[in-house]
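Visitor: I am new to protein structures. Please show me how to read the features of this one.

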Amino acid sequence: MSTPKKFASQADLEEKQVSFTRLSEHAYAYTAEGDPNTGIIIGDDAVLVADTQATPAMAQDVVRRIREVTDKPIKYVVLTHYHAVRVLGASGFDPQEIIASQDTYDLIVERGEQDKASEIGRFPRLFRDVESVPPGMTWPTMTFSRKMTLWLGSLEVQLLQLGRGHTKGDTVVWLPQDRILFSGDLVEYDATPYTGDAYLRDWPATLDAIAALGPEKLVPGRGAALTTPAQVKAGLDGTRAFVTEMFASVKRGAQAGEDLRSVYRSTYAALKPKFGHWVIFDHCLPFDVSRAYDEATAHRDPRIWTAQRDKELWEALEGQVRV
Ligand SMILES: [Zn+2]
């Protein structure tokens, strides 16, 4: 860490290879080597999209893939959580309904504007053709608490809030007939979990609840689709290991009275050998450790990230900020 790192992921400019993986006659995964994933569910009479990509222009590539396998209308967009990179492409699908948990809706009200500015500043590549995003927020048109069931003809789709983890409003999309789960950012695979808005104490129990459903296939928030029970277990175990080991390291330092910068240094060193090869490790870790330090000390709920706070944190932990 002797050379200053460029802020967040502003130096990450390389386009990723997209895969469109068939999981069953009803389910597909749109994945991109660690960039944010989109899930596609095709029922008897309609298509549901889980997470939208970051811009309407990027959503067009998902629509193009969908149209290669079905001409049914795209009726529903489900937002697994409020992060801009997951929701700002929604208008590109022109859905009848945009569905999210009430907790996600509340987070959009409370911090949607700041989050949008923060995320675009952190990772410009992920917001290709950002001018195609309509002004303002992407508002859900339907909300639910705990559980909602949609019937796409004879296909049952469950939207479940199994507990807090990546955010307060996390929702998973579950196909009980096919035993396929779309986890949003509650589970990552070969990609570093972002915990800047997380509830780290709650996250492991939420992973337990996912495992208890018995998914045979799982589409994580980032990384390849997991298409066997062994791969699903690896995704759950890897996410749990990162979340618990990171939080434990930060708690140890905080309880010893160390400041954030010192805790960051020791946690980075502790995690790098095991997790450093996962995509966006260097991007996530300052934000992850900052939230963990907050949760271990004074802040039950995540503080709102702003573009300004992002830069201040980066400068505090990584030294010089170059933008
Ligand atoms: Zn997220």
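Visitor: Is Asp115 buried or exposed, and what is its relative accessibility?
Guide: Buried means under 20% relative accessible area, exposed means over 50%, and partly exposed is in between (1.4 Å probe, protein chains only). Asp115 has 8% relative accessibility, so Asp115 counts as buried. Asp115 lies in helix α3. Helices (H or I, at least four residues) and strands (E, at least two) are DSSP runs, numbered from the N terminus.

Visitor: What is Asp115 in contact with?
Guide: Contact means heavy atoms within 4.5 Å. Set aside the neighbours within four places in sequence, and Asp115 is in contact with Tyr82, His83, Ala84 and Trp305.

Visitor: What should I know about the model itself?
Guide: This is a predicted model: local features need pLDDT of at least 70, side-chain atom pairs count only at pLDDT 80 or more, and totals for chains, interfaces and linings use all residues. Residues are numbered from 1 along each chain as its sequence is written, and side-chain values use heavy atoms, with hydrogens and water left out.

Visitor: Which residues of α8 are buried?
Guide: They are Arg309, Asp310, Leu313, Trp314, Leu317 and Glu318. Seen down the axis of α8, these buried residues fall within an arc of 135 degrees, so they line one face of the helix. The arc is that of the directions from the helix axis to the C-beta atoms.

Visitor: What do the buried residues of α8 pack against?
Guide: They pack against α3 (102-122), α6 (260-275) and α7 (281-296).

Visitor: How many residues does α8 have, and what span is expected?
Guide: The expected span of a helix is 1.5 Å times one less than its number of residues. Helix α8 covers residues 307-318, which is 12 residues. From first C-alpha to last, α8 reaches 16 Å, close to the 16 Å expected. Gly319 follows α8, and its phi is positive, near 80 degrees.

Visitor: Which residues of α4 are buried?
Guide: Trp203, Pro204, Thr206, Leu207 and Ile210 are the buried residues of α4. They cover an arc of only 160 degrees around the axis, which puts them on the same side of α4. Their cover includes β10 (172-175), β11 (180-184), β12 (217-220) and α5. Ala209 is also found in α4 (residues 203-213). Ala209 is partly exposed, at a relative accessible area of 22%. Just after α4 comes Gly214, with a positive phi of about 75 degrees.

Visitor: What does Thr239 touch?
Guide: Thr239 lies in helix α5. Its relative accessible area is 0%, so Thr239 is buried. Not counting residues up to four places away in sequence, Thr239 touches Leu186, Val187, Glu188, Pro193, Trp203 and Leu207.

Visitor: At what angle do α5 and α7 pack?
Guide: Axes are lines fitted to C-alpha atoms, for helices over the stretch in contact, and angles run from 0 to 180 degrees between N-to-C directions. Helix α5 (residues 229-255) and α7 pack at about 55 degrees, with axes 9 Å apart. That makes α5 oblique to α7. Angles under 35 degrees count as roughly parallel, over 145 as roughly antiparallel, 65 to 115 as roughly perpendicular, and the rest as oblique.

Visitor: Is the crossing of α5 and α7 left-handed or right-handed?
Guide: A crossing is left-handed if the near helix is turned anticlockwise from the far one by less than a right angle, and right-handed if clockwise. The crossing of α5 and α7 is right-handed. Among the α5 residues that meet α7 are Phe242, Met246 and Phe247.

Visitor: At what angle do α6 and α7 cross?
Guide: Roughly 130 degrees, and their axes come within 10 Å. The two helices, α6 and α7, are therefore oblique to each other. Their crossing is right-handed. The α6 residues that meet α7 include Leu260, Val263 and Tyr264.

Visitor: Where is Asp51 found, and what is its phi?
Guide: Most residues other than glycine have a negative phi. Asp51 is not a glycine, yet its phi is positive, about 70 degrees. Asp51 is found in the loop between β4 (47-50) and α1 (56-69). With a relative accessible area of 3%, Asp51 is buried.

Visitor: Is Asp94 buried or exposed?
Guide: Asp94 is exposed, with a relative accessible area of 65%. Asp94 lies in the loop between α2 (84-87) and β6 (97-101). Its phi is positive too, near 45 degrees.
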